[in-house]
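I opened my notebook to write down what I looked up, one entry at a time.

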Number of protein chains: 2
Amino acid sequence: MLLIKRKAKPFKGKWALPGGLVLDKESLDQAVERELREETGIDVNYLEQLYSFGSPNRDPRNRVISVAYFALVRKSNFELHASTDAEEAKWINIKELPKLSFDHNKIIDVAVNRLRGKIGYQPIGFELLDEKFPFSDLHKLYELIYNESIDRRNFKKKFLQLNILEELDEKVSKGKGRPGSLFRFNRTKYFKLKKSGVVFEV
Amino acid sequence: MLLIKRKAKPFKGKWALPGGLVLDKESLDQAVERELREETGIDVNYLEQLYSFGSPNRDPRNRVISVAYFALVRKSNFELHASTDAEEAKWINIKELPKLSFDHNKIIDVAVNRLRGKIGYQPIGFELLDEKFPFSDLHKLYELIYNESIDRRNFKKKFLQLNILEELDEKVSKGKGRPGSLFRFNRTKYFKLKKSGVVFEV
DNA sequence: GCAAAAGTGTTCCTTTTACACCCATGC
DNA sequence: GCATGGGTGTAAAAGGAACACTTTTGC
């Protein structure tokens, strides 16, 4: 999770999700991208509206209705384009989340469930991986999100049968063990297959 | 679809989804239930937040951000509790929708897709059927929503295996043909199974 | 040469699909 | 008695789960 440290009251100094107010002439999506850029300096790969939160007392100041979005970002993207210092925005392991400002823990819960539900039938996992990745990264990603172990061989078989990955001629070594081929998600193939009625399902 | 005829400008006299403004001290869900009651006189069985629409010019008057909900209602409920006259609120077959006010056609698109996506893994179809229903009603419902024919025998086999329906001792005749048993969705059974990790999937 | 990770196939079992005949009722 | 819809079972095919040994590298 990418969190920011709040600079103003309420919850000053506590961690929170980035966010802000929608301007008069922009769409919701535009507002999200703008706020994210302003507060964390990143451009996102994937953006999806999550849910709108509107309990009357979720903000101690005023009535605030938040349209929450969730984004997927390659960590490498962030490291390259970061325009803020580490004090203000920080990646935090989702298993070590502190108590956040407002109802933001609840929002994260909803987001994680959405991701878990969606990654099985939409190829959004690639938005979290580098463009070229060893197969084990994909495997570990699914295991992480589902929070359970998946048979390596069956997973690979199934995924390769979908025919949306290309295996490259490059190999990469992770320090120890046999180096593995790099793979790349072929968006074009995916959309062609989707159009012709084939469904992605892992 | 349950539509209302607009009484005020803009789009006066045209069909639209029921809706209105959120009051200061109510949650979004409460606002939906209130508006629905005020404009159509019904209480809903099932309510789910759908999506928030916020393009800057979706309403010609002001900037309006709409948090859309979708509800499922038994038609019989509506006929009983209707508190409005037929001029103001009306059921319209979804295959015969006129062009609606604002971006409401788009909202309905999103809702139909949500329903289609969800009915396969959550037992929300029952919210559209009477409490006791012949099996053929359930079958027809799924065929209608998926817009494709489903083998009657396989569908029944699969559904009964889920073990969340009870077959009653009553039979009902539809005028012609052999009368069929009535069934009832057993919510308690469903939640027990869900808790124990069994997944509903049709 | 040993530890670590990658590559690869087969068998069994479960699930899904396709499909046809009989039964109860209204007219 | 005929038209209509309801009730039921089986066989073949496909898909998913379980599982072990070999290869390449770093140290």
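**Entry 1: the loop with a cis bond**

I looked up P10(B) and found this residue in the loop between β1 (2-5) and β2 (15-16) of chain B. Helices (H or I, at least four residues) and strands (E, at least two) are DSSP runs, numbered from the N terminus. The peptide bond that joins K9(B) and P10(B) is cis, with omega at about -5°. I then turned to chain A, where P10(A) is in the loop between β1 (2-5) and β2 (15-16). A cis peptide bond joins K9(A) and P10(A) as well, and its omega is about -10°.

**Entry 2: how to read the model**

This is a predicted model, in which local features need pLDDT of at least 70, side-chain atom pairs count only at pLDDT 80 or more, and totals for chains, interfaces and linings use all residues. Residues are numbered from 1 along each chain as its sequence is written, chains are lettered from A and ligands numbered from 1 in the order in which they are written, and side-chain values use heavy atoms, with hydrogens and water left out.

**Entry 3: positive phi**

F11(A) has phi near 65°, a positive value in a residue other than glycine. F11(A) sits in the loop between β1 and β2 of chain A. Its relative accessibility is 30%, so F11(A) counts as partly exposed. The cut-offs are under 20% relative accessible area for buried, over 50% for exposed, and partly exposed in between (1.4 Å probe, protein chains only).

The place of F102(B) is the loop between β5 (89-91) and α3 of chain B. With a relative accessible area of 18%, F102(B) is buried.

**Entry 4: two buried residues of chain B**

Is I42(B) buried or exposed? I42(B) has a relative accessible area of 3%, so I wrote down buried. I42(B) lies in the loop between α1 (28-40) and β3 (46-53) of chain B. Leaving aside neighbours within four places in sequence, I42(B) is in contact (heavy atoms within 4.5 Å) with L2(B), L36(B), R37(B), V73(B) and F78(B).

Next came K118(B), in helix α3 (residues 104-118) of chain B. K118(B) counts as buried because its relative accessibility is 14%. Not counting residues up to four places away in sequence, K118(B) touches Y46(B), E48(B) and I124(B).

**Entry 5: across to the other chain**

Which residues does S27(B) touch, not counting residues up to four places away in sequence? I found G54(A), P56(A) and R63(A). S27(B) is in the loop between β2 and α1 of chain B. It is buried, with a relative accessible area of 17%.

I then compared the two copies, superposed by least squares on the C-alpha atoms of residues with pLDDT of at least 70 in both. A rotation of 180° with 0.0 Å of shift along its axis superposes chain B on chain A, at RMSD 0.0 Å. That is the relation of a two-fold axis. The same surface serves both copies, as 100% of the contact residues of chain B recur in chain A.

**Entry 6: chain A as a whole**

I counted 6 helices and 8 strands in chain A. From the N terminus on, the elements run β-β-α-β-β-α-β-α-β-α-α-β-β-α. The C-alpha atoms of chain A fill a box of roughly 55 × 40 × 30 Å, taken along the principal axes. Chain A has 202 residues, and 38% of them count as buried.

The domain assignment of chain A gives domain 1 (2-117) and domain 2 (122-195); such bounds come from an automatic or database domain assignment. The centres of domain 1 of chain A and domain 2 of chain A, taken over C-alpha atoms, are 28 Å apart. In contact there are 9 residues of domain 1 of chain A and 12 residues of domain 2 of chain A.
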